[in-house]
Amino acid sequence: APLTGVAAVQEHLQELQSIAEANGGNRAAGQPGYKASLDYVKAQLDEAGYVTTVQEFSTLGGTTYNLLAETPGGDAGNVIMFGAHLDSVSRGPGINDNGTGSAAILQAALDYAASGATPTNKLRFAFWGAEEQGLVGSTYYVDSLSEEERGQIAAYLNFDMVGSPNAGYFTYDGDDSDGEGEGPGPEGSAQIEQLLNDALAQAGVETEGTDFDGRSDYGPFIEVGIPAGGTFTGAEGTKTEEQAQKWGGQAGEAFDPCYHQSCDTVDNVDTQALDRNLQAISTAVTTYAEQFPQP
Ligand code: PHE
Ligand code: ZN
Ligand code: ZN
Ligand code: ZN
């Protein structure tokens with residue numbers, strides 16, 4: 001039988017690493033390892049019955065692509081999007097950043113399809129190119145939407161780095177509860193934050209908020225007023241003593257010491273963090289497939 005859950009996610013990560021190794025050590029936008037990554041993801045979504053589209057665009061680094069995959073069923077006037085950037089930096093294979101987010105939303109999509117359910121809303125999964133060059137793919141996508149298409153997107157959930165080896169458990173601070181951000185995000189963002197916090201609590205861990213300032217592909221969505229949210233296990237930031245007490249791991253060290261480096265391999269992933277985030281993603285998929293916003 002095919003793998004499911006986090007074991008399947010780990011298999012996807014292994015495959016993404018092999019793709020990088022076979023293509024000069026990276027999966028950067030415009031490089032062959034990126035296209036091979038996209039082909040790998042697309043084949044599985046096609047096989048599972050998703051309707052896939054490849055959107056081509058160009059960057060300074062050359063031609064690259066976004067991959068979109070949506071459920072054939074569900075209300076096209078009420079689309080719930082899940083996204084992750086599939087490109088790496090050119091210095092390494094990009095397994096935590098962002099093989100983890102890509103593989104996790106891929107597996108959540110495959111597990112949802114295997115359940116046989118037909119969603120009330122339409123689900124659309126996005127794999128972005130050229131995030132590392134400045135959110136180029138997600139910006140291109142949002143800019144390409146007609147007014148009508150934009151209005152049909154009810155929510156966007158983003159997953160960028162969800163298996164950091166010295167993991168933190170963060171959700172984007174959509175309600176700006178700490179008052180340190182740029183104010184609350186589009187209405188509905190707070191509700192997404194709450195659902196992800198509850199799902200991670202269910203998986204056994206207490207979250208903290210993290211800046212909702214546009215440092216990943218949700219940026220172009222909130223800029224046009226689409227409610228958004230997501231989870232994050234930390235990048236170059238340092239884990240505090242209090243966070244190490246609460247979450248385990250090493251205080252005084254980076255959440256991801258291999259951030260943007262050649263050592264961002266399959267050995268640079270905390271499987272428990274990845275599993276907890278996958279559970280939160282799957283909860284969001286099954287909940288919002290039926291209803292968003294929640295009553
Ligand atoms: N977008 C950053 C990168 O890919 C990582 C990041 C994600 C930072 C989410 C903050 C919040 O390098
Ligand atoms: Zn990055
Ligand atoms: Zn990233
Ligand atoms: Zn908050």
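Me: UniProt positions follow the numbering used here, with feature names shortened and annotations that may be inferred rather than shown by experiment. Which residues does UniProt give to the feature "domain: Peptidase M28"?
Reply: The model is predicted, so local features need pLDDT of at least 70 and side-chain atom pairs pLDDT 80 or more, while totals for chains, interfaces and linings use all residues. Residues count from 1 along each chain as its sequence is written, chains are lettered from A and ligands numbered from 1 in the order written. The UniProt record, an unreviewed entry, places this domain at residues 66-283.

Me: What are the helix and strand contents over residues 66-283?
Reply: Helices (H or I, at least four residues) and strands (E, at least two) are DSSP runs, numbered from the N terminus. The end C-alpha atoms of this stretch are 25 Å apart. Its content is 33% helix and 19% strand.

Me: Is H1 roughly parallel or roughly antiparallel to H2?
Reply: Two packed helices are described by the angle between their axes and the distance between the axes. Axes are lines fitted to C-alpha atoms, for helices over the stretch in contact, and angles between N-to-C directions run from 0 to 180 degrees. H1 (residues 5-21) and H2 (residues 32-47) have axes that come within 9 Å and cross at roughly 150°. Angles under 35 degrees count as roughly parallel, over 145 as roughly antiparallel, 65 to 115 as roughly perpendicular and the rest as oblique, so H1 against H2 is roughly antiparallel.

Me: Which residues of H2 make the contact with H1?
Reply: Contact requires C-beta atoms, placed from the backbone, within 7 Å. H1 contributes Glu-15, Leu-16, Ile-19 and Ala-20. H2 contributes Gly-33, Ala-36, Ser-37 and Tyr-40.

Me: How many residues of the H1 contact with H2 are charged?
Reply: Asp, Glu, Lys and Arg count as charged; Ala, Val, Leu, Ile, Met, Phe, Trp, Tyr, Cys and Pro as nonpolar; the others, Gly among them, as polar. Five residues of this contact are nonpolar and two are polar. The charged count is one.

Me: What is the handedness of the crossing of H1 with H3?
Reply: The axes of H1 and H3 (residues 95-114) lie 9 Å apart, at an angle of about 135°. That angle makes the pair oblique. A crossing is left-handed if the near helix is turned anticlockwise from the far one by less than a right angle, and right-handed if clockwise. H1 passes H3 in a crossing that is right-handed.

Me: Is H2 roughly parallel or roughly antiparallel to H3?
Reply: Their axes are 10 Å apart, at an angle of about 10°. H2 and H3 are therefore roughly parallel.

Me: Which residues of H3 meet H2?
Reply: On the H2 side stand Val-41, Gln-44 and Leu-45. On the H3 side are Ser-102, Leu-106, Ala-109 and Leu-110.

Me: What is the phi of Ala-130?
Reply: Ala-130 sits in the loop between S4 (121-128) and H4 (136-144). Although it is not a glycine, its phi is positive, about 60°.

Notes: Two residues are in contact if their C-beta atoms, placed from the backbone, lie within 7 Å.
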